[in-house]
Amino acid sequence: MARAIPAQVVSANHLIEGDAIWFTGTGWCRSIAKAQVAETPEDAQVLLAQAQSGAEAARAVSLYLAEVAITPNGPRPTHFREIYRVRSHKTHPQLHEVS
Amino acid sequence: MYAYSDFDRDFLRARVDEFRGQVERRLDGSLSEDEFKPLRLMNGLYLQLHAYMLRVAIPYGTLRSAQMRKLAEISQRWDRGYGHFTTRQNIQFNWPRLTDVPDMLDALAEVGMHAIQTSGNCIRNVTADHFAGAAAGEVEDPRLTAELIRQWSTDHPEFAYLPRKFKVAVTASDQDRAVIKLHDIGLRLRERDGEIGYQVVIGGGLGRTPFIGKEVRDWLPKRDLLAYLEAILRVYNLGGRRDNKFKARIKILVHETGLEELRAKIEAEFASGRRLLPDVSPEITAQIAQGFAPPAFRDDPVVPFSPGPAFRSFLDTNLHPHKRADHVSVTVSTKPIGGTPGDVTADQMHVLADLAEQFGYDELRISHEQNVILPHIHRNDLGAVYDALAQAGLATANIGLVSDIIACPGLDYCALATARSIPIAQQISTLFGDLDAQADIGPLKIKISGCINACGHHHVGHIGILGLDRAGVENYQLTLGGDGTETATLGARTGPGFAYDEIVPAVGRLIEAYLDLREDRSEPFLQTYRRVGIEPFKAVLYGERDAKAA
């Protein structure tokens, strides 16, 4: 049986802060829950191109597509690398007050 | 240590100004990201998983108190109040904003520090034995050589775009504490007929394809050092592969060409007398030596004392013999039980700087094992030093023990990582949290890398752990019997890897097995492993039947 094609979002880093940001379809946000989801590979390429076209003005760098699962609370990353990226940093809870 | 001349200071200011301009041009859009990236990397600035990371060079791991205080100030003002000491004796700040980095570099320049050549395919920060100049049995202080190489290699025009990064380490002792056999070039100072020279080892390295370095010269007169280094670098620069970054290190050139053929090329280049830079003048050598003159050691007679149990444990594990009987080197562990290896807070940096100033002749060292050294402490001051360290949470008595773990930043920070390292280190440390139990286990080096690049030196851990991404799941391979010292050995892989929640129990089983297998407490883990081999350890990892298949 063919593997199901996963949904994808466009992720990047902010040029100044360096933190993780996601493309909403019209702009960029710091919550993956608000990211625009592409459900087919073709749509994903279109979404990536759309994100790239406004990336410089939005100060988004290092753009790439990341796989997600669609949940009632919005897209959630499926790969552990992206999960840790969404959670930000946890090894120093006393030093990192990151939402 | 080194002292900057006006030329050096002007050069550094110019470099910071240049980078400030590059950041401004990036922000106003004059530079694209593709254009800017190599420029920021040339200034030690990486873009990681959650933020930028600024890697600052600490030449041969030596710091003065003022420099440590400046690192603390930088971490408080522009980062999150801590820094991470690395396996290359550098420090990394993990949370700077791009717009703050020029100011951070300016602050570093105030104390003669920078982030140049901490990235890129150039000659990186030269590392050295962290007990250099303090340990007994050295031919001479290896930092004299490291400093000479630092001056020669900084901004060397011919070697700014090598096929790949290039790392040099120096020791002057029979005991290799600088891992010289796992560097692109490893140098060991030795004495022959009253003359000082070098053993030269090339082609060592960890990463995807680990190799133990090979001796290319058993004797190199001191006066020929830079000419010979230039010959090696020139042969590598021309012959090293540029078609595949995974095969671009000199270790691959040595492997593919063969040592004899490569040696012949190096010797021919050396004999040609072609030099880009002139030989070192005696004035320069004398000037460098002046910077490393031993401090005016106190001669106070040692007063005996009776330490309490915790202090006793600290004295048992965290001291290293000094060349003077009335002094010792104190290793300050950055690895409290359950802590993050290599992380030191700004407050702790201030304590360390104060101690170095008050008791340690203004010197600090960073070891490749991610600890901080006070290299010269009079024995009469040990109580005061211990009390201050204990108050700052820096007195963990675990040097060389199971919780003195090397761990790379892994997937908690690093964009290249394929798995987490830090939580594994924290869990192992917590599992063996009891220091008496650790002392019973004895010397044991656990080294953890979060990807195949091996920043955590897992290949040379007595127990090495390599975190990988296996079909979207973190998986950890184990290697046993690695050794980064003068008896350098690459660890042997045990078999299939372990899941995230299986790896710490697996390490626990290895250590239980060692305790059962050792002849007595005097036989450390590595010795037992070498005596019994890998099979008994595979049996406890995989079960008797599966061990044979593994």
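## Domains of chain B

Chain B is divided into domain 1 (6-110), domain 2 (142-289), domain 3 (309-391) and domain 4 (406-549), with bounds that come from an automatic or database domain assignment. This is a predicted model, in which local features need pLDDT of at least 70 and side-chain atom pairs count only at pLDDT 80 or more, while totals for chains, interfaces and linings use all residues. Residues are numbered from 1 along each chain as its sequence is written, and chains are lettered from A and ligands numbered from 1 in the order in which they are written.

The C-alpha centres of domain 1 of chain B and domain 4 of chain B are 34 Å apart. Eight residues of domain 1 of chain B are in contact with eight residues of domain 4 of chain B, where contact requires that the C-beta atoms of two residues, placed from the backbone, lie within 7 Å. On the side of domain 1 of chain B that touches domain 4 of chain B there are three nonpolar, five polar and no charged residues; here Ala, Val, Leu, Ile, Met, Phe, Trp, Tyr, Cys and Pro count as nonpolar, Asp, Glu, Lys and Arg as charged, and the others, Gly among them, as polar.

## Overall form of chain B

Chain B has 18 helices and 21 strands, which are DSSP runs numbered from the N terminus (helices H or I, at least four residues; strands E, at least two). The C-alpha atoms of chain B fill a box of roughly 60 × 60 × 60 Å along the principal axes. Of the 550 residues in chain B, 52% are buried, that is, with 20 or more other C-beta atoms, placed from the backbone, within 10 Å of their own.

## The contact between the chains

Chain B and chain A each bring 21 residues to their contact. On the side of chain B that touches chain A, these divide into nine nonpolar, six polar and six charged residues.

## A sheet in chain A

In chain A, an open sheet of five strands has the order S3-S2-S1-S4-S5, with antiparallel pairing; two strands pair if DSSP finds at least two bridges between them. Its edge strands, each pairing on one side only, are strand S3 (28-29) and strand S5 (74-77) of chain A. Strand S4 (residues 60-71) of chain A runs antiparallel to S5(A) and is joined to it by four bridges, and A:Ala69 stands opposite A:Arg76 in S5(A).

Key
A residue is buried if 20 or more other C-beta atoms lie within 10 Å of its own, exposed if 12 or fewer, and partly exposed in between; C-beta atoms are placed from the backbone.
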